[in-house]
Structure formats: C-alpha cells, structure tokens
Amino acid sequence: MRQRNIGDRQRICIGNICLEGVIENISVVDTDSTKGTLEAYCLDEYGSTQDFWYSDNAMPGGEVERRRSRSMMPPEYVYKRAKDFKWSKYNEITEQQKKIANAFVVRFDDFRREGRGLYIYSKTKGSGKTLLACCLANEIMERLDISVKFVSITEYIELLKGKTDQEKEIVKSIFDCRLLVLDDIGAEVTQKEWINNSVFRLVDYRDKNMLSTIYTSNYKMEDLPGDERTVNRILGHSIPVPMPEFSVRSMKAKEKTGAFLKSVLLDNQE
C-alpha cells in the first residue's frame, strides 16, 4: 500500500480536470473483504472535497493520470481495463488465455521477480492482441507504482533515427521502464543489420535486467523472423498467449455498418 499522510500534497484528477492540494483526512478501512483508505482533500482554489476511495496497492488518481499520459499508449486504448476485453466475442474456448492474462495482473510481482512477460500472438489482424496487451498494462498501472510504456516496433525504429534530446530520452525510457508493451514485433523484418541489432539490444537489455515485456505479434514465437538472438531471448522469458484466429475488429465494423444501415432504412420508411 502506498503510504500517504495528512498534510501531504497530492495531485487529484477528476475527468480532464487536475488540481493540487493537501490531504485533510484519512480513514482506514480494513475488513475481510475490503482494505484501503477513504481520503478527503483541501484542493487549491476549490476547498474541501468528498472522500476518495483507494484500495490497497492502488495508485492515487493523479499519479495514475500522470503515468497514463506518459505511457505513449494509443488514445483508443489508454483507458481500457480488463473488463473491456470481451472474451465472449470469440467462437472458441479461451479459458487458458484468460487464466494467463488474469495471473499476469494478479501475480505480476511473481512475473516481475523473474523478468517474465507475455507473448500475445495470432496471424489474424484485428484479433485483439494489442487491446489485450493494453488492458493488462493499464490494470497493472492502476494497481502498482511502476512505469509503463507502449511502443510499436516501427515507432521504436523511427525513434532511433531521432537526434533530439527528447527522442533520446524516450528511447531510454523504453529500455528502462518496468513494464513495456512492444507491439507488432516481427513487422520490422528487414535486411538492414542496424535495425536487427537495435531490436536485439532492446530485447537483450530487458532480458538481462529482468524487466517484463508484453510482446504482440502475427507470428508464433518459434516462427518469429529476424535475428535468431532476439528470438532466443524472447523464448527464454515470455509466456505464449495464442489468440483465436478471428477478427474482432472486422466483426465490430460489420455490426456498426449494419446498425447504421438499419437506421437510415428506417428513416426512409418514415
């Protein structure tokens, strides 16, 4: 549980509004089913607030927002949580995948101690690989005081070409963050040695420093193209999560198109 005391300054975000102030009161709740604190604040230019609830291990709202804004996660995924991933959309049994995903969140400390991560894959585009990775990363970011970053492999390569201090700092944060989502690995397949070496350096650094990574890919781990050294590092510390070969994205697009068509046809009938 993150230690906070009366009089500590905090940054609180409600929706898109963020304010700073001090903690006025803390009430500890400790029952068989619920553990956490109720906290009231005196915010600058606002005054006293109602109580805010923080469960044990949860990050304060302002800190979560700060980490979220720096995670580089795509806007469409930045607020997605485990409840937003609908396993029922698939027309096959996914119990094993669900168990691994749940264990990664609930027992992340165990994964972190061994530097283990996940390798989420399917050859079908739109199968939910990136969404699942972001849902899991967001759950962990809400619960634990760790840095989380998201970058696609092609974006990472473009960042390496940058010359500014800001771009170099972003690359460093990708190397050092406690949890990285490295999206679409395998898409960078190329004959350029510097790219293969750059991807290997990132994967190898995180492997040696026991930093957890969630990879997403269109390839099975053993079929991942590119540098054999990179593949071996990923095989050594990743738990495979095979996704159903089913495009949830295409299904949703058809549902939206059908709903729109139905609405305009009804309008015409009127």
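**Entry 1**

I looked up Arg81 and found it partly exposed, because its relative accessible area is 25% (buried is under 20%, exposed over 50%, partly exposed in between; 1.4 Å probe, protein chains only). I was working on a predicted model, in which local features need pLDDT of at least 70, side-chain atom pairs count only at pLDDT 80 or more, and totals for chains, interfaces and linings use all residues. Residues are numbered from 1 along each chain as its sequence is written, and side-chain values use heavy atoms, with hydrogens and water left out.

Which residue forms a salt bridge with Arg81? I found Glu139, with the closest N and O atoms 2.9 Å apart (a salt bridge is a side-chain nitrogen of Lys or Arg within 4 Å of a carboxyl oxygen of Asp or Glu). Arg81 sits in the loop between helix H1 (61-69) and helix H2 (95-106), and Glu139 in helix H4 (residues 129-143), so the pair ties together parts 58 residues apart in sequence. Helices (H or I, at least four residues) and strands (E, at least two) are DSSP runs, numbered from the N terminus. Glu139 counts as buried because its relative accessibility is 7%. I then noted a network of salt bridges that links Glu65, Arg68, Arg81, Glu139, Glu142 and Arg143.

**Entry 2: other salt bridges**

I counted 19 salt bridges by this rule. One joins the side chains of Arg9 and Asp44, at 2.7 Å from N to O. This pair links distant parts of the chain, with Arg9 in strand E1 (residues 9-14) and Asp44 in the loop between strand E3 (35-43) and strand E4 (47-48), 35 residues apart. Arg9 is partly exposed at 47% relative accessibility, and Asp44 is partly exposed at 36%.

I also checked Asp176 and Lys172, whose side chains meet in a salt bridge at 3.0 Å, N to O. Both residues lie in helix H6, four residues apart, about one turn of the helix. Asp176 is partly exposed at 31%, as is Lys172 at 48%.

**Entry 3: helix H5**

Which residues of helix H5 (residues 153-160) are buried? I listed Ile153, Tyr156, Ile157 and Leu159. They lie on the same side of H5, because they cover an arc of only 160 degrees around the axis (the arc of the directions from the helix axis to the C-beta atoms). The buried residues of H5 pack against strand E7 (148-152), helix H6 (165-176), strand E8 (179-183) and helix H7 (193-208), where contact means heavy atoms within 4.5 Å.
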